[in-house]
Amino acid sequence: MKNKILVNVRSIQVLRIMLSGIFLVASFNHLLNVQKTVKRIDQASFKGIAYFFGNPELLVMLSGIVMLIAGFGLLIGFKTRWVAAILLAVLIPITLTVQVGQITTLGPLFKNIAISGGLLFFILNDFTKTNNKYKRLIQLLKIFTMKKILFILTALTILSSLNMKAQHHDPDKNNYVILTKKIPQLQPILITAEELKIEDGNNFGDFQVIVCGQTVKGLSDKAAMKKFIDRAEKAGVSLKACGFSLNKFGVDPQEIPSKMDIVENGILHNFQLQKKGYFSIEL
């Protein structure tokens with residue numbers, strides 16, 4: 001015996017549209033910030049799950065494309081059950097890889113669980129409407145044709161590829177890495193970077209600053225860090241936090257400024273860059 005519950009149709013539409021927005025935004029993030037997403041995977045406790053399926057960069061791009069197409073389908077109510085199932089199939093491995101095992105990120109974990117509940121709602125219930133729905137769908141597709149969808153996917157793929165290339169260092173330029181254990185040292189470091197940028201001219205390449213040690217506790221003070229981040233951005237300097245230090249001193253990665261990347265092991269990352277020919281100094 002099936003119990004029937006009366007639900008306002010408009011509320012279902014609102015839920016579907018709002019739920020789709022999460023995946024549409026995530027798809028753009030995956031396609032336009034491939035390297036940053038890959039770094040999050042590398043920092044995850046269960047990154048082996050992602051590597052089991054293949055190249056992380058390729059997986060990030062594919063998941064972005066799938067979320068874009070399925071998210072758009074959910075937005076307009078096309079094959080709702082199927083697209084919800086596809087999105088859930090994408091969400092589960094992402095949750096297991098990135099969120100599970102991260103004690104300090106229980107919020108995002110339960111956010112994904114809540115999103116899964118929303119998808120299950122559309123998977124378990126049949127919201128197939130009359131032909132009027134398909135008339136509206138046809139009208140929407142006329143406005144937003146498949147050619148436009150393909151154009152957007154192509155453009156995003158090209159942009160993500162260019163973005164990936166841009167984030168790799170140029171060995172023919174002067175690249176620098178500095179490891180610091182004191183946040184106040186960022187001031188003279190950034191001044192140095194600005195001077196080197198002027199001195200090197202077109203030969204100025206990648207400049208990374210890694211913050212390690214107990215000083216990472218100060219990274220959660222976003223107001224104090226803003227001046228350093230803004231200046232670093234103007235100087236073309238990439239600020240990074242040591243994930244090992246964050247974990248050791250109990251700093252929630254979600255609390256540090258979003259414009260700062262996290263490397264799994266700051267000291268190891270420093271040595272790896274030195275092997276690639278980076279000029280290095282430790283403060």
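Select C212 and C242 and show their side chains: the sulfur of C212 is 3.7 Å from the closest cysteine sulfur, the one in C242, too far for a bond. A disulfide here means a pair of cysteine sulfur atoms within 2.5 Å, and by that rule the count is zero. Both cysteines are buried (under 20% relative accessible area, with a 1.4 Å probe and protein chains only; exposed is over 50%, partly exposed in between): C212 has 4% relative accessibility and C242 has 2%.

A word on ground rules: this is a predicted model, where local features need pLDDT of at least 70, side-chain atom pairs count only at pLDDT 80 or more, and totals for chains, interfaces and linings use all residues. Residues are numbered from 1 along each chain as its sequence is written, and side-chain values use heavy atoms, leaving out hydrogens and water.

Next, pick F207, L219, V237 and M260. Among the 27 residues of the largest nonpolar core, these touch the most other members. (Such a core is a set of buried Ala, Val, Leu, Ile, Met, Phe, Trp, Tyr and Cys residues joined through side-chain atoms within 4.5 Å.) Colour β1 (174-180), α9 (186-200), β2 (204-211), α10 (222-235) and β3 (237-242) to see the elements that give two or more residues to this core.

Now centre on L219. Beyond its neighbours within four places in sequence, its contacts (heavy atoms within 4.5 Å) include I183, V211, M225 and M260.

Last stop: select F23, A84, L88 and L91, which are among the 15 residues of another core, apart from the largest one.

Conventions: Helix = DSSP H or I, 4+ residues; strand = E, 2+ residues; numbered from the N terminus.
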